[in-house]
Amino acid sequence: MKVWSALSDPLQGKTSLSTVVWGYGLLGSIAYGAIELFLDPGNEFAMRVYTVGGLLFSVYVTVATYRCAGNCASKFWGRMARISAVLSLLLLPVLAYLELTGALSLAMLGEQ
């Protein structure tokens with residue numbers, strides 16, 4: 001039950017903003033990024049699943065950030081967290097589309 005609580009409390013706004021940003025956001029992103037080390041870049045299906053999983057994780061952290069922003073002692077930083085969360089949610093579908101269509105890979109190859 002403790003794992004379920006750790007996953008559901010941020011979505012209910014019951015977690016401190018700093019825990020969501022540093023714990024779930026930063027450390028969670030590092031942990032999720034480490035999974036890529038074990039994936040074969042040539043396996044297109046695995047890379048797409050990894051991308052979709054990353055998108056879902058990003059949405060989770062962004063929604064949790066928005067919901068927990070009210071727990072911040074500073075009204076300024078709480079408001080900045082909410083603005084950042086809204087902007088992130090608006091940009092995530094665009095970035096996911098560019099990644100899944102390969103447009104980001106093509107753009108990176110063009111820079112070399």
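1. Let's start with α1 and α3. The axes of helix α1 (residues 2–11) and α3 come within 7 Å and cross at roughly 60°, which makes α1 oblique to α3. Axes here are lines fitted to C-alpha atoms, for helices over the stretch in contact, with angles running from 0 to 180 degrees between N-to-C directions. Angles under 35 degrees count as roughly parallel, over 145 as roughly antiparallel, 65 to 115 as roughly perpendicular and the rest as oblique. On the α1 side A6, L7, P10 and L11 take part, meeting Y60, V63, A64, R67 and C68 in α3. By class, this contact has eight nonpolar, no polar and one charged residues. Contact means heavy atoms within 4.5 Å; Ala, Val, Leu, Ile, Met, Phe, Trp, Tyr, Cys and Pro count as nonpolar, Asp, Glu, Lys and Arg as charged, and the others, Gly among them, as polar.

2. A word on the source: this is a predicted model, where local features need pLDDT of at least 70, side-chain atom pairs count only at pLDDT 80 or more, and totals for chains, interfaces and linings use all residues. Residues are numbered from 1 along each chain as its sequence is written, and side-chain values use heavy atoms, with hydrogens and water left out.

3. Now the overall picture. The protein has five helices and zero strands, so elements here are DSSP runs numbered from the N terminus, helices being H or I of at least four residues and strands E of at least two. Along the principal axes, the C-alpha trace spans about 45 × 30 × 20 Å. Of contacts between residues at least 6 apart in sequence, 62% join residues at least 24 apart.

4. Next, α2 and α3. Helix α2 (residues 17–35) packs with helix α3 (residues 44–68) at an angle of about 175°, their axes 9 Å apart; the two are therefore roughly antiparallel to each other. Among the residues in contact are Y24, G25, G28 and S29 of α2, and G53, G54, F57 and Y60 of α3. This contact counts 12 nonpolar, seven polar and no charged residues.

5. Y24 deserves a look of its own. This residue sits in helix α2 and, leaving aside residues up to four places away in sequence, touches A6, P10, T19, S29, F57, Y60 and V61. Y24 and A6 lie 18 residues apart in sequence and 10.0 Å apart in space, C-alpha to C-alpha.

6. On its way to α4, what does α3 do? The angle between α3 and helix α4 (residues 75–101) is about 170°, and their axes are 9 Å apart, making α3 roughly antiparallel to α4. Contributors include R48, T51, L55 and R67 of α3, with R82, L89, L92 and E99 among those from α4. The residues divide into 11 nonpolar, five polar and four charged.7. Finally, cysteines and surface. A search of the whole structure finds zero disulfides (a disulfide being a pair of cysteine sulfur atoms within 2.5 Å). The sulfur of C68 is 11 Å from the closest cysteine sulfur, in C72, too far for a bond. C68 is buried at 0% relative accessibility, while C72 is partly exposed at 21%. Buried means under 20% relative accessible area, exposed over 50% and partly exposed in between (1.4 Å probe, protein chains only). Buried residues make up 21% of the 112 residues.
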